[in-house]
Amino acid sequence: MLSLDNNESHQDEETTSENGSDDYPRIPVSMDGPKEWTYTMRRHMQEVVPGLYLGPYSAASRSKLQSLIEHGITHIVCVRQDIEANFIKPNFPDKFKYLVLNIADTATENIIQHFPKVKAFIDEGLNSGGQVLVHGNAGISRSAALVLAYVMETYGLSQTCAYAIVQQRRFCINPNEGFMAQLREYEPIYQAQKTLKSKQQCLLRQTTKRTIHQMDTERTEDKCDTMDS
């Protein structure tokens, strides 16, 4: 049994200091992890941010249908590699929407390529009022890395801060070295993409304002021309 009290206050400080921008949502303070972590807890899923759960395949097995329904799960990200396809698979395709990803738990695996599609899938589930579960085999490395990337990008956090937050909810996470390196690489990538998107939206708003202004000006001129005639 492991106490997690010290991590909790440190997590809150880091979340507040890093996530001070209005561009990103804040993780609710009420999203506290368990006070103590026991070995058996790794066999269950945990809610790491509102509506997003991380866990092992056993949390999505055939015997856990009622639990998934009770938790409001609507979308499931199923992570496996080819050799695991016979025993890690979507068990309820008629009840939940699945995203199945073939990812090996090796340091050389390119997991960063999956971050955008996972974020889009999770956002789809949450925005539709659902709840999302991300699982691999053990819920420790591959699925944890995907959830970390989502938390980083969604809440505007560094890899270090996102790791502290997710580990506070599911203490057993431990992505391999290659995944951790790719998460560090992803931080400036998602930030640059957000900056570019913000600039594009700003330009679009400016263009729209100019267009509306031009239309108003043209209508005024037409009205004046009509009165003059």
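Strand 3 and strand 4 form a hairpin with 2 residues between them, and Gly51 in the turn has a positive phi of about 85°. Welcome to a predicted model, in which local features need pLDDT of at least 70 and side-chain atom pairs count only at pLDDT 80 or more, while totals for chains, interfaces and linings use all residues. Residues are numbered from 1 along each chain as its sequence is written, and side-chain values use heavy atoms, leaving out hydrogens and water. Helices (H or I, at least four residues) and strands (E, at least two) are DSSP runs, numbered from the N terminus.

- The open sheet has 5 strands in the order 3-4-7-5-6, with mixed pairing; two strands pair if DSSP finds at least two bridges between them.
- Its edge strands, each pairing on one side only, are strand 3 (46-49) and strand 6 (97-102).
- Neighbouring strands of this sheet are turned by 25° against each other on average, direction ignored. Axes here are lines fitted to C-alpha atoms, for helices over the stretch in contact, and angles run from 0 to 180 degrees between N-to-C directions.
- Strand 5 (residues 73-80) and strand 7 (residues 131-135) run parallel and are joined by 5 bridges.
- Cys78 stands opposite His135 in strand 7.

**Helices on the sheet**

- Helix 4 packs on the sheet and touches strand 3, strand 4 (52-55), strand 5, strand 6 and strand 7. Contact means heavy atoms within 4.5 Å.
- The direction of helix 4 makes about 155° with that of strand 4.
- Helix 5 (residues 159-169) also packs on the sheet, touching strand 3 and strand 4, and its direction makes about 155° with that of strand 3.

**Helix 3 meets helix 4**

- Helix 3 (residues 115-127) and helix 4 (residues 142-155) pack at an angle of about 70°, with axes 10 Å apart.
- The two helices are therefore roughly perpendicular to each other (angles under 35 degrees count as roughly parallel, over 145 as roughly antiparallel, 65 to 115 as roughly perpendicular and the rest as oblique).
- On the helix 3 side, the residues in this contact include Phe115, Val118 and Ile122, and on the helix 4 side they include Ala145, Leu146 and Tyr150.
- By class, this contact has 8 nonpolar, 1 polar and 3 charged residues. Ala, Val, Leu, Ile, Met, Phe, Trp, Tyr, Cys and Pro count as nonpolar, Asp, Glu, Lys and Arg as charged, and the others, Gly among them, as polar.
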